[in-house]
Amino acid sequence: MNSFTAADCEYMSRALRLARCGVYTAHPNPRVGCVLVNDGLIVGEGWHRKTGEAHAEVAALQAAGANAKGATAYVTLEPCSHQGKTPPCADALISADVAQVVAAMVDPNAKVAGNGQSALEAAGISVRTGLLQDEAASLNAGFLSRMQHGRPLVRLKIAASLDGRTAMANGESQWITGTAARDDVQRLRAASGAVMVGIGTVLADDPSLNVRRDDIDNDGMQPLRVVLDSNLKMPASARMLSLPGATTVFCAHDNDRSALEAAGASVQVVASQDTGVDLAAVLSKLADLEINDVLVEAGPTLAGSMLASGLVDELVIYQAPHIMGSEARGMFTTPQWQSIDQRLNLEIVDVRKIGADLKITARPKP
């Protein structure tokens, strides 16, 4: 088992902070940071900003220059060993003659998966892994999900009143939560590869589903807008189709798609399930499109279906301090669970106040 010092932890913590700088721009690549240390001094550091640009290790090596020789590289993910849009980072570290690499975790990508470590060790470079591994995995939970399970990580976002209502009986829902909570949702969108809704939400609200805050450094990147629309009811005049960024509509029946495609949408046919599209098939298709994280902003029908299908990894519930009444719409439409042992158990992992509202983050228990 590898042992690590307090200094090792400090440098890896710095690398993780750097990696978080890519939270809005690195996808579909993982968020990675690197710190180079020589004789107890940081001589170079870097983070991966955007696909096609320098990886964290290369950016740190460029900053260090000749001081990289004999240094220890602290990197939040095993250095890559394959030629992608950029050359292998393991080769760059070898060429720079670093003495040691400390990696938070092994890369789950089958193209790497230990090969980077093997290449470094074959060149005489000592490699240790596992330092702050849980923190590194959490930072790239979506990338890990796509690599290990063949589907993106799914976050279900819901805005609700204290009595669990998401809209009045007539559908009125703007605005349940306050400005601070809505701004926080913008950050969730920016950190996601895709934002997904059902056709009911499109027809009722005509949403934009884009990132609209200038203070979010997303380099103009917009999440893929995903609409689940079994029978292709989506109008070609939908607001989102006139905005920058891409929209993909998943349907279960190959109806006339010409108007939607002429308006700029991509239409994909997947298998049907019950009364809608096969949700697992949609997520598999999104993984093929290199989507790591999906933010579902759904009405109660889609939200309930996602939960009942076991496809939700995390719930983010913004709860406002007001009561909307018993006739208002609920958070989920679920199967008719008859006994208490059929309930879906959750683990609350975070609760914080956002403006006047509460933000509750929870995960389904196995």
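Predicted model: local features only at pLDDT ≥ 70, side-chain atom pairs only at ≥ 80, totals over all residues.

User: What makes S15 largely enclosed by the rest of the structure?

Analyst: A residue is called buried when its relative accessible area is under 20%. Seven of the seven residues of S15, which covers residues 314-320, are buried, and therefore the strand is described as largely enclosed by the rest of the structure. As for the two sets of side chains, in a regular strand they alternate between the two faces of the sheet.

User: How do you know which strands pair with S15?

Analyst: Pairing requires at least two bridges between two strands. Strand S6 (residues 153-161) is joined to S15 by seven bridges and runs parallel to it, with Ala159 standing opposite Tyr318. Strand S18 (residues 357-364) is joined to S15 by five bridges, and these two run antiparallel; here Ile317 stands opposite Ile360.

User: What makes the largest nonpolar core a core, and which residues have the most contacts inside it?

Analyst: The term asks for buried residues of the nonpolar kinds, joined through side-chain atoms within 4.5 Å. The largest such set has 37 residues, and those with the most contacts inside it are Met12, Leu36, Tyr74, Leu93, Val98, Val101 and Leu120. Among the elements that each supply at least two residues are helix H1 (6-19), strand S1 (33-38), helix H2 (56-64) and strand S3 (72-75), and H1 gives the most, with six residues. A second, separate core of 31 residues includes Val154, Ala194, Leu286 and Val312.

User: In the sheet with the order S2-S1-S3-S4-S5, which strands are called edge strands, and on what grounds?

Analyst: Five strands form this open sheet, with mixed pairing, and its edge strands are S2 (41-47) and S5 (126-129), each of which pairs on one side only. The twist from one strand to the next averages 15 degrees. Within the sheet, S1 and S3 run antiparallel and are joined by four bridges, with Leu36 opposite Ala73. Helix H2 packs on the sheet by touching S1, S2 and S3, and its direction makes about 140 degrees with that of S2.

User: Why is the chain said to be as compact as a globular protein of its length?

Analyst: The chain contains 11 helices and 18 strands. Its radius of gyration is 23 Å, close to the 21 Å that the globule rule gives for 366 residues, and so the chain is as compact as a globular protein of that length. Along its principal axes, the C-alpha trace spans about 70 × 45 × 40 Å, and buried residues make up 48% of the 366 residues.

Notes. Residues numbered from 1 in each chain as written. Heavy atoms only, no water. Buried < 20%, exposed > 50% of the residue type's maximum accessible area, 1.4 Å probe, protein only. Axes fitted to C-alpha atoms, helices over the stretch in contact; angles between N-to-C directions. Contact = heavy atoms within 4.5 Å. Rg over C-alpha atoms; globule rule 2.2 N^0.38 Å.
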